[in-house]
Amino acid sequence: MSHKIIRIQNLVKNYDLGDLTVHALRGIDFDIDEGEFVAIMGPSGSGKSTLLNILGCLDKATSGNYFLDNVDVKKFSKDQLAVLRNEKIGFVFQSYNLLARTSALENVELPLFYNASVNAKERRERAAAALEAVGLLDRMNHFPNQLSGGQQQRVAIARSLVNDPVIILADEPTGNLDSRTSFDIMAVFQKLNSKGITIGLVTHESDIAQFTSRNITFRDGRINKEIVVENIKSASEALTKMPVELDY
Amino acid sequence: MNILNLLKVASNSLTKNKFRSFLTMLGIIIGVASVIAMMAIGQGSKQSIEEQISSLGTNILFVRPASQARGGVMMGVSNAKFLTVADADAIKKDCESVAAVSPMVRGSGQAVSSYDNWPTSIYGVNIDYFLIKNWEVQDGRLFSNKEIRSSQKVCLVGNTIVEKLFGEGADPVGESIRFNKIPFKIIGILKIKGESNFGQDQDDIIIAPHTTVQKRILAITHVQNIYVSAKSSDLSKEASEEIETLLRVRHKLVPSEESDFSIRTQEEIMSRLTSTSDILTALLSAIAGISLLVGGIGIMNIMYVSVTERTREIGLRMAVGGKGRDILLQFLIESILLSVVGGIIGIFFGIAVSSFVSNFMNWPVQITIDSIVLSFIFCSVIGIFFGWYPAKKAANLNPIDALRYE
Ligand SMILES: Nc1ncnc2c1ncn2[C@@H]1O[C@H](COP(=O)(O)OP(=O)(O)OP(=O)(O)O)[C@@H](O)[C@H]1O
Ligand SMILES: [Mg+2]
């Protein structure tokens, strides 16, 4: 039996807005195994981000169980959750969320500052290694405003990677990028996945989802459809086949 | 997070956002500097007023008959007959803390020269008077003890008298004037003293031996006041007590009787004047309070805004594993650094402004340690609190709410 990184059971999330309650998640069950690359899909407002934020321990579920790497997250205090996020989770946001006026390397180093067992030298080495893994070692001293959107997202991926998390969670990481750059980012994710890193990713687009190993589709806070992708496309191949646009 | 990382994160954040740090610091710099400068200017004026007051001499004492002192504020022509030249001599002889003693009688009337006339006062004193008042002779000489004993009709005149009776720049030494028809020979001219703090022209005066004034002008044997100077201003209280004891014995008063004279130290009289400087002090405190308030509100605003603006950053730091405490400590260290550095710059700035005002505008300024300490502590505390409080609010949020904040 393979190791389950994520197990959720009957997960419910309500947003109480006073006079009305938004049922963002109405009872979700699924698992993510180690080494999987899962895409969470669905229309806008179906609860994808809500779920991912709970999986990332950025938010708490209203009810239901969530086991991350076999630990019951429900019992954790705020501080324990922070440690959990620091050690087990890498988060990639749609809007990159890099610190301005801070070099790529220092942005990647950020999570390690909150890990007392990592000293300054190790911090630099690991950040440089993570940047190398996303192919940006040569840009490590550049500031976010000197990088393209795709490059900034790579820096963000390197940051999510630097702590050796058990899972990387990405909420529409290609949402702000054109399709060429999106494929590029997906190629990075595929490469990381091939090295054994588990990834959960939210996306709207099915041509992004085709690069993952399993697609879970949401509708109105419930799982609507779940398919295992039979023949996973390679993003780097798709990239090379893509015509180089000459019209602009 | 360990303290080293914390310091690094905080100082990184400050140095990478120099402009924001500078703006934040500016609130503190201006707050501190304005309080220091305001207080320095106010304190300077207060000090210069006090200096003028104390230049009158805090070691001078006046003895006067009780009936005159009661109710009356200034000395007028009095009928009291309780003080005598013998009293003055006894004080000089027996009181240890006393340096100089002069009896004093004063008459007013018309002074007439061969050119003009002028209403003025004549003071009858002995030569100690010039010591007590620290008054020098500009031209000519003082009268001698012999001239006092023999009631010579000699006098010294102030500069106003010279101008009024002889014209500006005249040298009337050796000339004669009449005061209330009694002729006096001018033997000296007094150094110019100018206006007193009470606004009196101190040079509008004729000074003659007290014996002469007593006999020729007033026809009395007693004296109106006795001027005493203590050996030092510290000794003026002792001198006062010694005189009190001595005069009670001399006046044969039993313990149940009230003294028939009163002793005032210069200090006591000046205390009425210093109420002016008390008003100044109150005004100063109000100015300082308002500056602090305004400065404080400025600091509060800029700190609050800059931290609130960084809520997303706080969310990100929490998302990558920052605990609430780590975030709070970071912001606390940042605001302490800003407040302390800003406060120190503010101190220098405040000192610079004060010395500018003193050098180029010639205002008296007096920088006080109090104002430095007060403004520094107040501004730092406000800066630190309003750096800490919004950070605490943000750190208490769910990471996701902080990340979504706009
Ligand atoms: N903080 C919140 N307060 C109240 N309601 C919320 C909040 N966050 C999300 N919701 C609601 O929960 C539902 C699910 O939102 P969610 O953001 O998970 O959708 P999504 O699937 O990520 O949509 P999109 O594809 O547009 O990002 C929506 O109806 C949304 O309005
Ligand atoms: Mg979403």
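This is a predicted model: local features need pLDDT of at least 70, side-chain atom pairs count only at pLDDT 80 or more; totals for chains, interfaces and linings use all residues.

Let me begin with ligand 1. Where does ligand 1 lie? Ligand 1 lies between chains A and B. The shell around ligand 1 consists of 15 residues, and the closest are Ser44(A), Gly45(A), Lys48(A), Ser49(A) and Thr50(A). By type, this shell divides into 5 nonpolar, 7 polar and 3 charged residues.

The side chain of Ser44(A) places an N or O atom 2.4 Å from an oxygen atom of ligand 1. For His204(A), a side-chain N or O atom is 3.1 Å from an oxygen atom of the ligand. Ser46(A), by contrast, uses its backbone: an N or O atom there lies 3.2 Å from an oxygen atom of ligand 1. As for cover, ligand 1 has 630 Å² of accessible area on its own, and the protein covers 69% of it.

Which elements give two or more residues to the shell around ligand 1? They are β2, residues 21-33, and α1, residues 48-55, both of chain A. The largest share, 3 residues, comes from α1(A).

Helix α1 of chain A also contains Asn53(A). Is Asn53(A) buried or exposed? Buried means under 20% relative accessible area; Asn53(A) has 4% relative accessibility, and therefore counts as buried. Leaving aside residues up to four places away in sequence, Asn53(A) touches Leu58(A), Asp59(A) and Phe91(A), together with Ile400(B) and Arg404(B) from chain B.

I turn now to the nonpolar cores. In soluble globular proteins, nonpolar side chains tend to be buried together. The largest core in this model has 49 residues, and those with the most contacts inside it include Ile6(A), Ile8(A), Phe30(A), Leu51(A) and Leu55(A).

Finally, consider chain B. Which residues are buried in helix α8, residues 210-218, of chain B? They are His210(B), Thr211(B), Thr212(B), Val213(B), Gln214(B) and Ile217(B). Just after α8(B) comes Ala219(B), with a positive phi of about 55 degrees.

Thank you for your attention.

Note on methods: Residues are numbered from 1 along each chain as its sequence is written. Chains are lettered from A and ligands numbered from 1 in the order in which they are written. Side-chain values use heavy atoms; hydrogens and water are left out. A residue is near a molecule or strand if one of its heavy atoms lies within 4 Å of it. A polar contact is a pair of N or O atoms within 3.5 Å; within protein, one must be able to donate a hydrogen and the other to accept it, and residues adjacent in sequence count only if both atoms are side-chain atoms. Accessible areas come from the Shrake-Rupley method with a 1.4 Å probe; for residues, only the protein chains shown count as cover. Helices (H or I, at least four residues) and strands (E, at least two) are DSSP runs, numbered from the N terminus. Ala, Val, Leu, Ile, Met, Phe, Trp, Tyr, Cys and Pro count as nonpolar, Asp, Glu, Lys and Arg as charged, and the others, Gly among them, as polar. A nonpolar core is a set of buried Ala, Val, Leu, Ile, Met, Phe, Trp, Tyr and Cys residues joined through side-chain atoms within 4.5 Å. Buried means under 20% relative accessible area, exposed over 50%, partly exposed in between (1.4 Å probe, protein chains only). Contact means heavy atoms within 4.5 Å.
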